[in-house]
Amino acid sequence: MASEIRVDKINSLSGVGTVTLSPTGVDISGITTAATLKATTGIVTTLTATTGIVTTLTTNTLTANSTAKVGSGVTLSPDGDVFVTGVTTSTTVKVGGGVTISESGIEASGIGITVANINGGAVSGRRNMIINGDQRVAQRGTTAVLVTDAASYRHVDRFKTDLDGSGGGNWFIAQTGAGTSIAADVPTGQGFAFSSKATVNATVSQPTSTSVHHQFYTMLERQDITHLEWGTSAAKACTLSFWVKGSITGTYGLWIALYGSSGGSTYYYWTNYTIDSANTWEKKVITVTGPTSGGAITATNDLGLRIEWLLGAGSDCETGTLNEWTTSNTIRTASGTVFLPENAGATWYITGIQFEVGSQATAFEHRSMAEELALCQRYYFQSSGYTKYGAMYNNSHSMISLDLPVTMRTDPGTSTATVGTNSGTVSTNYSTRHYYQQYVTGDVSTFATDIKMSAEL
Amino acid sequence: MTYKTPQFDDLNNVQPNAIIKIESENPKIITWIFLDRESQEKEDYLAWVAEGNTPDPAD
């Protein structure tokens, strides 16, 4: 049987502790000891455990109007600062939407990371595996050259053009920038001074053949990409970035091929990019997870990697899965991919090409002209405007010899020069990756100008 | 453009494994194509020979 006592106040014997019973609740003054203390609604203004411990504090929201402290090591201040003097352990820490710190690393997709150095050394340098990515070196000349069905290095160094198949049509390729016949056309505010420009000359409708493709590409040596670990389970993600501008909007084909895996197969990655606005420079970023099978790349001076921008391919290529590695060498493009040569006078520009390890496209690595030229001269050398006089080999023969500024990739496949001789005969050429050397019989007064050596991939 | 067989190499006493390409517009522009090395010019020359052509004899 329930019973009740109705009072409005209970005082302790000392008069310190008082329990006041009001119509709306209970007020307790003095020290209160309780096995369990619950406040399901309302506000606890002061909760102090001076000698004991609050073992469990259950609440929906814990609000500290001033400072919250855990011992002397952690302080949470009301202005948002957190002070921690000990070791902080966390699975993932996020700063806004741009920075994530996890046990696999730090990912900063926003403005970037500002640091004085990395591992005590230089922050940047030698990230970009592409040589002449800013299209500045053009040893062969700066005039526009018609691209035909013979694969050739026609304008800027390290970038080759070709029309494969018998689809017809053609286009000019040229360098734009100071010293050329075309004023620099480059993205603003990026520090570029040169670009490559393709201009459709003879139009042709898109053929159906898968063998037809209009190509602009560059190639790297195997020994320069072994650090990618491609072909193994440790394959690293890499990112290709470039600036492009085209008069025709739409999807363009692009592919990457890996040669030299120890398993012997060539692996292809068919992908694409989109030009969204006509005649507007746009930066494109393509991140590729490296192939994890096929075997490690053998470190030689042979062809290792090829990156090709398709200016057009047959319509029958518009099938197959994109963005995966395959051993199939049949070109794959997206449905409706742009076929540039069917548009009279259409233009396509490119510069700022960078291929780097990692899943982020970093700012373009601008290198000095001296370094870029030397990198190019490993593959091609031209002594424009320079005359090398021959030395007497014996009383009737002479030898013209010129040490090359850079050791070439391999002994050059060709050696060209304008050879001057009064009555002699140009005899054997002994050129190697280290020097140009031309033997002339029957004359001791000889010279050579415009020496050209090619050890291209 | 014409192709010509190089002279016998009297320094090393061998016949060079090469071919000489001479530009029509300027015969002094001479390209030495090494046939034991790889190049586009070598491929072009071999294609030219495959069409039934033969290079000029050595001087």
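**View 1. A:Cys317 and A:Cys238, two buried cysteines in a predicted model.** A:Cys317 is buried, its relative accessible area being 0%, where buried stands for under 20% relative accessible area, exposed for over 50% and partly exposed for what lies in between, as computed with a 1.4 Å probe on protein chains only. A:Cys238 likewise counts as buried, at 0% relative accessibility. Searching the whole structure gives 0 disulfides over all chains, a disulfide being a pair of cysteine sulfur atoms within 2.5 Å. This is a predicted model, in which local features need pLDDT of at least 70 and side-chain atom pairs count only at pLDDT 80 or more, whereas totals for chains, interfaces and linings use all residues. Residues are numbered from 1 along each chain as its sequence is written, chains are lettered from A and ligands numbered from 1 in the order in which they are written, and side-chain values use heavy atoms, with hydrogens and water left out.

View 2. A:Ser209 is partly exposed, with 28% relative accessible area, and, when residues up to four places away in sequence are not counted, A:Ser209 touches A:Gly314 and the A:Cys317 of the previous view; contact here requires heavy atoms within 4.5 Å. The side chains of A:Ser209 and A:Ser211 are joined by a polar contact of 2.7 Å, that is, a pair of N or O atoms within 3.5 Å, of which, within protein, one must be able to donate a hydrogen and the other to accept it, with residues adjacent in sequence counting only if both atoms are side-chain atoms. From C-alpha to C-alpha, A:Ser209 lies 7.9 Å from A:Gly167, although the two are 42 residues apart in sequence.

**View 3. A:Gln382, a residue of strand β22 (residues 380–382) of chain A.** With 13% relative accessibility, A:Gln382 counts as buried, and the side chain of A:Gln382 makes a polar contact of 3.2 Å with the side chain of A:Ser384. Apart from neighbours within four places in sequence, A:Gln382 is in contact with A:Gln139 and A:Arg140, and also with A:Asp450, A:Ile451 and A:Lys452.

**View 4. The interface, where 22 residues of chain A are in contact with 22 residues of chain B.** About 1900 Å² is buried between the two chains, 51% of it from carbon and sulfur atoms; this area is the accessible area (1.4 Å probe) that two parts lose on being put together, summed over both. Across the interface, 11 residue pairs are in polar contact, both residues at pLDDT 80 or more. On the side of chain A that touches chain B, β26 (414–421), β27 (425–429) and β28 (435–441) each supply at least two residues, and β26(A) gives the most, with 6 residues.

Notes. Helices (H or I, at least four residues) and strands (E, at least two) are DSSP runs, numbered from the N terminus.
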